[in-house]
Amino acid sequence: MENYIWLFGENLGRTANNNSFYMWKYIINNEAYPHLKSYIILEKNDDNRKVFREMNEMEKKYVIWRNSIKHLKLFFQADMFFVSLSFRDIQPDRIGFKSFKPLLTRPLVYLQHGVSAIKQLGYKPNYANNCLFKFIYYNPYMKEKFQSINEFKEYQLYDGIVQPRYMEMVKRAKETTFTSNRGVRILWFLTWREYFGNNFETYNFIKKIESIVKNRKITEFLKDKDNLLTICLHDKFNVEQERILKNSVKDSNIQFVTPQSIDVMQAIVDHDVLITDYSSIAFEFTFLRKPVILYQPDFEAYLSKRNLYCEISELRKYSITRKELLIDIITSNRFSINDFFLKRIRKIDYNDVIRGIYIKKMSDYFYEKTRNAICFLGYDFSGIGGTVFATRALAEGLREKDYLVRFLTLKKVTGRNYPAGVPNQPVYNRFKPKLSDKLLVALVRGNWFYSYLKNDPAYKALQPIAGIGMKKYLKSIHVNTIISTRESLHFFLHDLKSDLVKNKIYFFHTSANVVDALYPGAISSLNKMNLSNVLFVTEKNRESLRKIYNFKNYQHFTTFTLPRKLTKPVYTRPALSPLDFLRFGL
């Protein structure tokens, strides 16, 4: 039997320590997904090579090095993408020495790399070429925020409860013990600022940090009982800014690191207290019931470049801005759990996290969605005609019923009018035929390239090898149900043989009075095929096809109509609605 393919990536493949990696790792070592092949995209750097050496043989088998030939191949074969930072985590960006950024055409699951609560994100429903199938959130307060601020459709959101990497984090925390006489370990995790650069604001910020770490009270506190302060600078810090800060501090109890240079998860486990400003790492510390100090010395400057999900008044309630107060809290050991984060975390049994209950729930969900996916075949679904309008409405209705829906079109389109999160795969990645395409047809008399499309009324607007392309994509597509929306495409669907495609549905919408002029001989040929499931645009159209062409050789049928002023189909009776009809085999 054929296999479904999932592709995981994070941080452009540079790391193997975030949500994508740990979800992939769980699936690879689990036998609950027998027809699923999951791959992780990793860059060949020293850290990843070390991780690779420590993997078991099964895991090594499913590691794909970034920008390799296999990466390129799987990118076009995958059924679903999982990323932690952006769609670029799984996208190839070069072939050899040549830049190459292929179009995203597969359903995308955004796992996030933290828990959202403070900083607004810029993602919208049509993110990544309208491929955003699900945006995962872990803060129960955020669902309404994502819908109102980011304008996500409800069906694009999924409650992950806890991040996949928490399984490893909690496991490490439970296995780690410290001696009773160990000093306090403080992690100061700094967030990137949009205003950072060669300017006064940046200089002033660095001076504030410097004045704290060089303060006499802090110096004495750190020396007492061998306390340690680890300052984690953001990877995007300017090299000169970083050098100035490091050179100004000569204390062996203060160390400077970056997220790239350390195992952040192990740092969370090893440190007792967190100081941060806006970073979601505060949720990890709070989840482990460790104190968090929100220190925001540049609150106004930060807000000038950023919008917040939370109310400013609430953030001020649980944060501090004065360095004197921060110094006092640290040196007097007045650390406490920060309620801003605590009230946004559900009560979770650590043992359930370690057992992988939440990763399993998420993996099971996406496996089921992959196996029951629906694909529409068509010419172009971005127009304003009745057929494409009806198809988009039906696709949106299915998305609202939480189906995974995809489009496969003969033409490349922008997808501006598509329902949110419905990706489109054009047969060829060009808007119109090139001169070389037309010369190819002329030279080899290659009408056979078009296959069944040679009698399509719009075939001159297609690439000459569109027919071959449609056959190729149909062979590789892994969905449960395919709905063909064009008479010339019904033949491709009928010819398709696949273990994974369980339902074939043929949508007839062209008027019976003109269908033979547009698609010569199509109805007569289709009538000989005993089609399985047929969907008519109206009952009148079904009756006209029966009277004129004696078209009645099909096993099941239903009809629906689309009133002009409505945005969604209104289905006729006594026939079942298309949603009920599709549910027969889903």
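**Exercise 1. Determine how strand S10 (residues 185-189) is joined to S11, and which strand S11 pairs with besides.**

Solution. The model used here is a predicted one.
Step 1: S10 and S11 run parallel and are joined by five bridges. Within this pairing, leucine 187 lies opposite threonine 230 of S11.
Step 2: S11 also pairs with strand S12 (residues 254-257), in the parallel sense and over four bridges. Here cysteine 232 stands opposite valine 257 in S12.

**Exercise 2. Decide whether the faces of S11 are covered or open.**

Solution. The criterion is that a residue counts as buried under 20% relative accessible area.
Step 1: On one side of S11, Leu228, Thr230 and Cys232 are buried.
Step 2: Five of the five residues of S11 (residues 228-232) are buried, so the strand is largely enclosed by the rest of the structure.

**Exercise 3. Give the strand order of the open seven-stranded sheet and identify its edge strands.**

Solution. Step 1: The order of this sheet is S3-S2-S1-S4-S7-S8-S9, and the pairing is parallel.
Step 1: Strand S3 (63-65) and strand S9 (157-159) are the edges, since each pairs on one side only.
Step 2: On average, neighbouring strands of the sheet are turned by 25° against each other, direction ignored.

**Exercise 4. Describe the surroundings of strand S8 (residues 132-137).**

Solution. Step 1: With S7, S8 forms a parallel pairing over three bridges; valine 109 has lysine 134 in S8 as its bridge partner.
Step 1: With S9, S8 likewise pairs in the parallel sense over three bridges, and phenylalanine 135 stands opposite leucine 157 in S9.
Step 2: Helix H18 (residues 357-371) packs on the sheet and touches S8 and S9, as well as strands S1 (4-9), S2 (36-42), S4 (80-83) and S7 (108-110). The direction of H18 makes about 135° with that of S1.
Step 3: S8, helix H6 (residues 142-148) and S9 together make a right-handed β-α-β unit.
Step 4: Six of the six residues of S8 are buried, and the strand is mostly covered.

**Exercise 5. State what the mean pLDDT of the chain is, and where pLDDT stays under 50.**

Solution. Step 1: The chain has a mean pLDDT of 88, with 90% of its residues reaching 70 or more.
Step 1: Over residues 562-576, pLDDT stays under 50. For these residues the model has 33 contacts beyond four places in sequence.

Key
Residues are numbered from 1 along each chain as its sequence is written. This is a predicted model: local features need pLDDT of at least 70, side-chain atom pairs count only at pLDDT 80 or more; totals for chains, interfaces and linings use all residues. Side-chain values use heavy atoms; hydrogens and water are left out. Two strands pair if DSSP finds at least two bridges between them. Helices (H or I, at least four residues) and strands (E, at least two) are DSSP runs, numbered from the N terminus. Axes are lines fitted to C-alpha atoms, for helices over the stretch in contact, and angles run from 0 to 180 degrees between N-to-C directions. Contact means heavy atoms within 4.5 Å. Buried means under 20% relative accessible area, exposed over 50%, partly exposed in between (1.4 Å probe, protein chains only). A crossover is right-handed if, with the strands pointing away from the viewer, the path from the first strand over the helix to the second runs clockwise. pLDDT is the predictor's confidence in each residue, from 0 to 100.
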